[in-house]
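Subject: Structure handover

Hello,

Here is the structure for you to look through. Please keep it open while you read the notes below.

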Amino acid sequence: MPRNARRVVILYAHPLLGEGLARILRGDPSLTIEAVHVEDLEAAATVLGDEPDVIVMERGALQASDLLALAPAALLIDVGLDGGSSWAYHRDELSPLPEDIFNTIRRCAARTRRAARSCKPRAPHGTAPLPS
Amino acid sequence: MNDAIRILLVDDQPLFRRAIATLVGDQPGLVVVGEAENGLQGLELAHSLRPDVVLLDVEMPVMNGVEATRRIRDEVPAAKVVILTVSEEDDHLFDAIRYGAHGYLLKNLRPEQLYELIRAVVRDETVLSPAIAGRLMREFRERPTGRRVATPSSSEPSLTRREIEIMQLVADGLSNKEIGVRLSITEGTVKNHVHNALEKLQLENRIQAAAYVVRHGLGLRLGSEG
């Protein structure tokens, strides 16, 4: 296992989905994979507190915003059993200063479309908005 | 591996299909010979691949798992058909069993349980998730003796319980999203049920559906069932 392997945490409600994804991703030597059932709260807290790079969450299992509060640097990918789209979320911390917030609003408003398009296929740390 | 159990996966969720295919394919004595994303494709592959076991999702476009069960049991009788579904409350349990499904399992199984149940169904066992078995027992216990299970009469549209429940909420003015929250199911599932119900009632939209519910009182039918 390379020392700089990226840490991926999978939080699942359906073991066939979560363990299956883990099995697939473990074929990639650049990743370390931990798959945890969402009801195993102790294990989930441990893996989330260990600064994962990416969290894969089964849709509906937990709140995206809660997860990113626990692992602020992670990209969150939400996948579902229902066949709908999957989603990627990333959290950026802003200062409480009004100017910082307004500047961010203006900057994001100017580039949302392009950024949303560009972050999907390649850059894992994109700027998909987090639902409140 | 001449005697490996040959499995066909039929599910419209590609990620879940890939997950199961990877897990099952790694097991000694089990091999995934094909994957299909709807019931019709599954039926065609059942014909050409002659699998030992077909794992079938229920809610799928083009042809759902219940109709696929009927067709596969009819046309490829050597294949064992096992339904793999998200909820024990789905409406298709009795139809699938009547059409000859050999098993009815929930997707919340652990992988080792699924492997074992696949082997069991090939040994001619009937496989049911405990929650499914529980629902079967409950429904039979509560049903008056001699009464048949949820058989629609030919003169009225055969809405399932779930469809009736959802159409009543539609008539109450709830959106698909709100209905989903109310019933703890996804918006997509609600949409499927509404679509199916409208089709059965030969209605074009939700407003017609609301009028239909008010006029025909689906609530009375629901209340008098079971």
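First, a definition: a salt bridge is a side-chain nitrogen of Lys or Arg within 4 Å of a carboxyl oxygen of Asp or Glu. Arg110(B) forms one with Glu19(A), and their closest N and O atoms are 4.0 Å apart. Two salt bridges are counted between chain B and chain A.

Some ground rules. This is a predicted model, in which local features need pLDDT of at least 70 and side-chain atom pairs count only at pLDDT 80 or more, while totals for chains, interfaces and linings use all residues. Residues are numbered from 1 along each chain as its sequence is written, chains are lettered from A and ligands numbered from 1 in the order in which they are written, and side-chain values use heavy atoms, with hydrogens and water left out.

**The interface**

Contact means heavy atoms within 4.5 Å. By that rule, 17 residues of chain B and 15 residues of chain A take part. Together the chains bury about 1500 Å², with 71% of it on carbon and sulfur atoms. (Buried area is the accessible area, taken with a 1.4 Å probe, that two parts lose on being put together, summed over both.) Gln13(B), Leu15(B) and Leu23(B) supply 29% of the area that chain B buries against chain A, more than any other three residues.

**Salt bridges within the chains**

The whole structure holds 18 salt bridges over all chains. In one of them, Arg59(A) meets Asp78(A) at 2.2 Å, N to O. Arg59(A) lies in the loop between β3 (54-58) and α3 (64-70) of chain A and Asp78(A) in strand β4 (residues 75-79), so the pair ties together parts 19 residues apart in sequence. (Helices, H or I with at least four residues, and strands, E with at least two, are DSSP runs numbered from the N terminus.)

Are these two side chains buried or exposed? Buried means under 20% relative accessible area, exposed over 50%, and partly exposed in between (1.4 Å probe, protein chains only). Arg59(A) is partly exposed at 27%. Asp78(A) is buried at 5%.

In chain B, Arg17(B) and Glu35(B) pair at 3.1 Å, N to O. Arg17(B) sits in helix α1 and Glu35(B) in strand β2 (residues 30-36), so this bridge links parts 18 residues apart in sequence. Arg17(B) is buried at 12%, whereas Glu35(B) is partly exposed at 37%.

Glu116(B) and Arg123(B) also form a salt bridge, at 3.2 Å, N to O. Glu116(B) is partly exposed at 38%, and Arg123(B) is partly exposed at 46%.

Best wishes
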